[in-house]
Amino acid sequence: MSMISSFAAKFKNNAIKLTADLGHRAKIRTALRSYEKARNGTAAQYQDWQAARTGASAIKWEAINHLDAYLIEFVDKLTARGTKVFWASNGQEACDYVVALAKEKGARSIVKSKSMTSEEIHLNEALGQGGYKVVESDLGEYIVQLREEAPYHLVFPAMHLTRHEISDLFQEKLHTPPTESPEELTMIARRELRMKYLQADIGISGANFGVAETGMISITENEGNARLTTALPKVHVALMGIEKVIPKLADLALFLPMLATAGTGQEITCYNSLIGGPRQPDEPDGPEEFHLILLDNHRTELLADAEQRDALHCIRCGACLNVCPIFRNVGGHTYATTYQGPIGSVITPHLRGLMDWKHLSYASSLCGACTETCPVKIDLHHHLLQNRRNAVAKHPDPAERLAFRAFAFLTRFPGLLNRLARLSRPFVPLANAARSILPPPVKGWVASRDLPPIAAKSFRDYWRTR
Amino acid sequence: MNSGRREDILGRIREALRVPAPHSHAGQAGAPAPVGRGQPKAWLPAVPPDTEGRLALFQKNCAQLRTELHLVTDVEEAAKILVNLRDAHHWTAAAAHHHSLLDPVVKFLGLETLFAEHRLDPKSLEKCSVGITACDALIAQTGSILLTTRSAGGRALSVLPPHHVVVAQADQLVPDLPAAFDLLYATYGTNYPSFATFITGPSRTGDIERILVLGAHGPRNLTVILIR
């Protein structure tokens, strides 16, 4: 009896479709090749990139393993300067809070900068249902929002689209003339969004880090949309997972450049902003109110799994997606998760249920490229194995168990194994020929592989006659 | 004030942390070695030890980032650069804040100038061609500018107008990011402004086919006038 969730079936179908789509693969390969070149060049400029990884991992270990203390310090510092902090157990509570706030403020227009956490809790949909329209201000996010689809990649949301597709999209939705130039396309979005920042009553952002020592959030970006979103509207709401807290302000001297290097290959991104409260009395501008929502949403369940706790070290740089052979072939949308690639495959079963998402643990060649590239040294590919093990322990597959028992039994009697192998030799080509009519799970195995021929003479035979 | 599920979440965290985590998959127990404040300096990209070397590195980074850098000897020369920029870019209105470095320079501009004082209205600022600010530090290692609401006239002045001009002094150039954070600690101590940002080059995006485009939402032009 094999348990295949509808999510697994969908993943499989889309993976097959996209793996055969050579145009799609070429697009992703080109984009990631330029990333890889930039990343390798930048990492090589570090005096010691490996020591930096070890250091970053140690800082995250300290923060995550004393999370209660650092969160309290963080929140106390923030509230002391007028920030309103709301602790949300799940996405529903966080969404309800923002919708209620929009209502209280009589908001007519909301602008938002990139936040994967808001994707995780479907904040835009919740606000939409409440009658509030949210405009995404990050260019890539703006593009996928116009297409009414999810971000393709947690750092490069629109990497699956060509300039032609984006030009067509703008023509259809914004009635702008067609153009081949990425620059002109960017300027169209700039013009469209310019007034939105000024009109918006509420600006929503994410947070890349939360600094406990000084009570600040840190936002990393390139475009300036997050700066405008957090500077102009009267109310700023930031949404942050509880795992984003770090102990010291000076820790950012390491994290800001490492996030950029691993994420895009830049030495540091264009804007790295620290926000520690609403406008202070001596300041000429800034929001009158700053609300920070701290989100659990199953993170404490992952925290309780000591073996995989380091998955909470993730700084969402996307490097593991970029190097993953599976991601490169099946693409970001196939995962159907907020967080794609290896990190998504590790944490989604914790965030959304092991039995529905365990198939992602197999979306890996276990090559370990993800673990090797991770700037905070998360043991990604071993966690995929642990998820496989945990899924089997939770729901053992009797057929699979029988097969492995039989195999274990046979290996204890080599003479018998040898004889069986000899007997099954003629059936191998038959099985390969008849692959389409074989029953599962054999069918699944031979569908894309040939059963290897069994040698005429076994190793034992050779050994005997050497 | 409704703070939500604070005690629930903290309770779950404490419960979860009762089982200690290994610090590597090899199963090593206990905490990894802590990171000392000075350590990252030895891991990040190297910075020349001398002032001239740092200035050269800052120049090189600016060129790569497409930050326009002008080295000048005094305030008069800085004013001249600003006037040239005004003509070259056809500025019609400027925005700035009062600051000992800016006041003697901005007065030569001869443009209607909006000053960020007690309040700065975003709608008026949006009509300005340029935002002129001071800063807290320049960072040689990355070619960055560090500024805060206090040093640079608030949050919007340096990001809303299409051109951002920074006027700085040579002694504001610090070697690297750890030094910039040391400076933040030393300058603001327990009374931080509500906003600080590291600006590294003009606004940019690579969201369309990973091709670099400048001026995504923030300033398309970034100019640093450095008085030596």
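Tutor: Let's start with a definition: helices (H or I, at least four residues) and strands (E, at least two) are runs assigned by DSSP, and they are numbered from the N terminus. What you see is a predicted model, in which local features need pLDDT of at least 70 and side-chain atom pairs count only at pLDDT 80 or more, while totals for chains, interfaces and linings use all residues. Residues are numbered from 1 along each chain as its sequence is written, and chains are lettered from A and ligands numbered from 1 in the order in which they are written.

Thr348(A) sits in helix 16 (residues 341-352) of chain A. Is Thr348(A) buried or exposed? A residue is buried if 20 or more other C-beta atoms lie within 10 Å of its own, exposed if 12 or fewer, and partly exposed in between, with C-beta atoms placed from the backbone. Thr348(A) has 24 other C-beta atoms within 10 Å, so it is buried. Two residues are in contact if their C-beta atoms, placed from the backbone, lie within 7 Å. Leaving aside residues up to four places away in sequence, Thr348(A) touches Thr337(A), Tyr339(A), Trp357(A) and Leu360(A). Tyr335(A) is 13 residues from Thr348(A) in sequence, and their C-alpha atoms are 9.9 Å apart.

Now for the close look: helix 3 of chain B. This helix covers residues 75-89, so 15 residues, and spans 21 Å from its first C-alpha to its last, close to the 21 Å expected at 1.5 Å a residue. That expected span is 1.5 Å times one less than the number of residues. Ala78(B), Leu82(B), Leu85(B) and Arg86(B) are buried in helix 3 of chain B. They are on the same side of helix 3 of chain B because they cover an arc of only 105 degrees around the axis; the arc is that of the directions from the helix axis to the C-beta atoms. An α-helix has 3.6 residues a turn, so residues three or four places apart point the same way. On the other side of helix 3 of chain B, you find Glu76(B), Asn84(B), Asp87(B) and Ala88(B), which are exposed.

Six strands of chain B make an open sheet in the order 1-12-7-4-2-3, with parallel pairing. Two strands count as paired if DSSP finds at least two bridges between them. Strand 1 and strand 3 (112-115) of chain B are at the edges with a single partner strand each, so one side of each has no neighbour in the sheet. From one strand to the next, the twist averages 20 degrees. For such angles, axes are lines fitted to C-alpha atoms, for helices over the stretch in contact, and the angles run from 0 to 180 degrees between N-to-C directions. Strand 7 and strand 12 of chain B run parallel and are joined by seven bridges, and His164(B) stands opposite Leu222(B) in strand 12 of chain B. Helix 3 of chain B packs on this sheet, touching strand 1, strand 7 and strand 12 of chain B, and its direction makes about 165 degrees with that of strand 12 of chain B.

Over in chain A, there is another sheet to look at. It is open, has six strands in the order 1-10-7-4-2-3, and pairs in parallel. Its edge strands are strand 1 (84-88) and strand 3 (134-136) of chain A, each pairing on one side only. Inside chain A, strand 2 (residues 110-112) and strand 4 (residues 202-205) pair in the parallel sense over three bridges, and Val111(A) stands opposite Gly203(A) in strand 4 of chain A.

Two loop residues of chain A are worth a glance. His175(A), between helix 9 (163-174) and helix 10 (182-199) of chain A, has a positive phi of about 60 degrees although it is not a glycine. With 7 C-beta neighbours inside 10 Å, His175(A) counts as exposed. Asn297(A), also not a glycine, has a positive phi of about 45 degrees, but Asn297(A) is buried, with 20 other C-beta atoms within 10 Å.
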